[in-house]
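Try each task before reading its solution.

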Amino acid sequence: MDMNEIKDIFFQECEEQLAELESGLLRINDGDTDPETVNAVFRAVHSIKGGAGAFGLDDLVAFAHVFETTLDCVRSNKLQTSSELLKVMLKSADVLADLTAASRDGGSIDKSRTSVLVKELDAFAKGTPLPASAPEPVKQEAPAEPAPQATDDSGFQPVPFSFDGFEDEAEAAELPDEAIAGRSVFTVRFKPRSDLYAKGNEAVLLLRDLARLGDLQVRCDIDTLPPIDQLDPEGAYFSWLIRVETDKDEEAVRHVFEFAEWDCLIEITPGSDDEAFSAPTAAGEDQPMAPVPFDLSMLEEEPVVPAETAAAVVVPIAAARPAAVAAVEEAPLAPPSLPRAEKALAAEAEKKESAVAAVPAAPQTIRVDLDRVDRLINLVGELVINQAMLAQSVVENETGGSSAINLGLEELQQLTREIQDSVMAIRAQPVKPVFQRMGRIVREIADMTGKNVRLVTEGENTEVDKTVIDKLAEPLTHMIRNAVDHGLETPEKRAALGKNPEGILRLTAKHRSGRIVIEIADDGAGINRERVRSKAIENGLIAADSNLSDEEIDNLIFHPGFSTAEKLSDISGRGVGMDVVKRSIQQLGGRISITSKPGKGSIFTMSLPLTLAVLDGMVVTVANQTLVVPLTAIVETLQPEKQDIHAFGPTQRLIAIRDTFCPLVDVGHILNFRPDLANPIDGVALLVESEGGGQRALMVDAIQGQRQVVIKSLEANYTNVPGIAAATILGDGRVALILDVDAVVTASRGHALSSEMTLSATG
Amino acid sequence: MKKKVLTVDDSRTIRNMLLVTLTNAGFDTVQAEDGIEGLEVLEESNPDVIVTDINMPRLDGFGFIEGVRQNDRFRAIPILVLTTESDAEKKNRAREAGATGWIVKPFDPSKLIAAIERVTA
């Protein structure tokens, strides 16, 4: 694994943390007061900051740091959550996401957004939330005294003067052995407390570390070692006097004791204290053990237990242990310097303990490269085809109706189906990430339009194929924007209507008969049918006198080129209308519909297939070719009668279906399978719905049947083939092309009636 | 003999960086994602030194260190804390909980190794 791979992992992790961050903030916004939620939010930002630091992503680190500081205040109850604070935090989460994306993909984000939020977060952290317009900090006063050098024109340059030379001389007298140039001598007095050992530090290691700096002269004072019956095996009794001769400075010497300085007495003085080294300690004569020079070679030994414990092995350790353990337990509480923090810590620890017991085991997951899953899916597709072929050849060869073969075959079929389902389940992902992204979209657009919106999501864990999820975001974003921009009223208007000023946008996902159904419901004004109707007439979509049902009017908004917004707003406009949404959903093999109640709101419902890897299709024959037509596109099939067919111009024909006329499209002719138009009476018409809501009757020669087929892309080998979406292999081993219904309909436009005229004709 | 390091960190990024750095420096590395898992892995892996993060779900670094220090088998094991900043308050709390030393994130591989070497024999 190299750094780039770790960086990829980091960005993946960021995605997860950002989702966690947003959902946590939203939960807090909804009144969740569980401290663990705040902790999780804090950790998310903290993790991003930590990783970003490792990769030198300074912008990200800087912003995450400010954000984290404010969150820390919330976490430690120094700062109360409020709706203003959460608003700022949600915005900050969005900026953090943008910064992460900018760090990953290059590019930059608007600095002013960041700096405004940094100020706001800072203000919250300091307990002084900025008023709506924050006053700029007072300008720094110009330095009152100009630098002397700058004004002094006498040419006099101050010369730095020090007494170092004298000191050196004085010291040199004391320290005869400081002869080696550039080296200095320090005297270190080091007396560990028992805490030092309790925390896993080790005097021997510290001395060894010190020895790396230069030459050591070490003396261990063992005078304080009590008689063995009074000795606490976990106590600290020794102290060391060390003379270090090094080319490093005092800071380097001090740095050696960095981890230990709290748990020992440490005194570092420049110069050598020869007296201390030569003279025995005051009590030296009376003690059974005199100070002995410390043998450095001892340092090289592998200490198994802390050195002092080793010196006292004769003491029964077991007996002394309870006291020692008690001491260790007491240790964390010893300095009562921060009583409040301590209390919080204790409370947190308690909380943790109970939380630990309650936390269920996290679901076990592994990360698998998507390519591997796709390869597996492909192979299973082959397996399905192969199984079908095998079954067919067994039937054709009539292997004597051997029950063993038939039984085996049946089991194989069942297993294959199960494997297929399981493999598809691997690709299935909850829609949650997409839904979560919508939260941000809603916030942004609510901000832009000055509306008050609350997004409620349901069924976030509904699973659907990853490809479907990836393609879901765009139409969903557009519909959400549309719902807030056009659907919901302004807070004032809502209040005037007696509604809650806060509009509700409900985003729901659920499974229904093998498809996923996603609903976007707003409690806004509903579709203004009068306006839609007049607009449609104005745009020539319908005749002025056409008589349309409410439902038909509602569906006009999906018509290409239809837009009720007077001017293209920056928000839901962007030059695309609901027709684009409809088309992208149809490309996924889905449908979209709308129901609307004036004054109560609108519901957009889209239904999508759970997977794009298999499809239910109708197998048809066209000019001796076998084609598959996606079942989702087919509204109905019919057998044309002679009296239903009407010529329209030299080459076009219409078919009468009950009381409407529908253009008849000869698939074989469009695809250039045959030069002439076939006689409709010899074939079958498939009534299909295409983009824009227009219907067409596709003429094929015969229907063979209906089956689930595995989709095989053609694009890798043949690039885009007009009129053909993909291919599949049928049970008999033949390759069949899957018809791209929309493309065929579009191709037919050139010679056929436009759908607008169809509508007039139907009206 | 190779020294064994137990790392405890909830960030996959940091876990991977630690793994790469420590493996390259010739350490045996075992990893855990939070304090609870850290205590479990500790029992079975018997490491020579522990490197732990502070902010973690389920059981944070302070709780983890206390847990290690309460364990008779491991109470003298060196524990290094990964802190994002040289925040004195956090450092002190880690120390009170029984941390041996600390490494300031973003860590530089040579400093990490030096710190580990300073606390291991």
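**Exercise 1. Chain A in outline**

How many helices and strands does chain A have?

Solution. Keep in mind that this is a predicted model. Chain A has 26 helices and 23 strands. Next, take burial: 32% of the 763 residues of chain A count as buried. Then turn to contacts in chain A with a separation of 6 or more: residues 24 or more positions apart account for 70% of them.

**Exercise 2. A helix pair**

Are H1(A) and H4(A) roughly parallel or antiparallel to each other?

Solution. Start with the geometry. Helix H1 of chain A covers residues 3–29, and helix H4 of chain A covers residues 83–105. They pack at an angle of about 170 degrees, and their axes are 10 Å apart. Angles over 145 degrees count as roughly antiparallel. H1(A) and H4(A) are therefore roughly antiparallel to each other.

Now look at the residues that meet. H1(A) brings residues including A:Phe11, A:Leu18 and A:Leu25. H4(A) brings residues including A:Met89, A:Leu96 and A:Arg104. By class, this contact has twelve nonpolar, two polar and two charged residues.

**Exercise 3. The cores**

Which residues have the most contacts inside the largest nonpolar core?

Solution. This core has 99 residues. Those with the most contacts inside it are A:Val45, A:Ala64, A:Leu96, A:Ile242, B:Ile50 and B:Leu80. Domain 1 (3–125) and domain 2 (175–312) of chain A both give residues to this core, so it lies between them. A second, separate core has 42 residues, among them A:Val464 and A:Ile557.

Now pick out B:Ile50. Leaving aside residues up to four places away in sequence, B:Ile50 touches B:Leu6, B:Val8, B:Val68, B:Ile77, B:Ile79 and B:Leu80.

**Exercise 4. Where the chains meet**

Which element gives the largest share of the side of chain B that touches chain A?

Solution. First, the totals: 35 residues come from chain B and 35 residues from chain A. Next, the elements of chain B that give two or more residues: helices H1 (12–24), H3 (61–69), H4 (88–97) and H5 (109–119). H1(B) gives the largest share, six residues. By class, this side of chain B has 15 nonpolar, nine polar and eleven charged residues.

**Exercise 5. One residue**

Solution. Find A:Val468 in helix H18 (residues 466–487) of chain A. Finally, A:Ala428 is 40 residues from A:Val468 in sequence, yet their C-alpha atoms are 9.2 Å apart in space.

Note on methods
Residues are numbered from 1 along each chain as its sequence is written. Chains are lettered from A and ligands numbered from 1 in the order in which they are written. This is a predicted model: local features need pLDDT of at least 70, side-chain atom pairs count only at pLDDT 80 or more; totals for chains, interfaces and linings use all residues. Axes are lines fitted to C-alpha atoms, for helices over the stretch in contact, and angles run from 0 to 180 degrees between N-to-C directions. Helices (H or I, at least four residues) and strands (E, at least two) are DSSP runs, numbered from the N terminus. Angles under 35 degrees count as roughly parallel, over 145 as roughly antiparallel, 65 to 115 as roughly perpendicular and the rest as oblique. Two residues are in contact if their C-beta atoms, placed from the backbone, lie within 7 Å. Ala, Val, Leu, Ile, Met, Phe, Trp, Tyr, Cys and Pro count as nonpolar, Asp, Glu, Lys and Arg as charged, and the others, Gly among them, as polar. A nonpolar core is a set of buried Ala, Val, Leu, Ile, Met, Phe, Trp, Tyr and Cys residues joined through C-beta atoms within 7 Å. A residue is buried if 20 or more other C-beta atoms lie within 10 Å of its own, exposed if 12 or fewer, and partly exposed in between; C-beta atoms are placed from the backbone. Domain bounds come from an automatic or database domain assignment.
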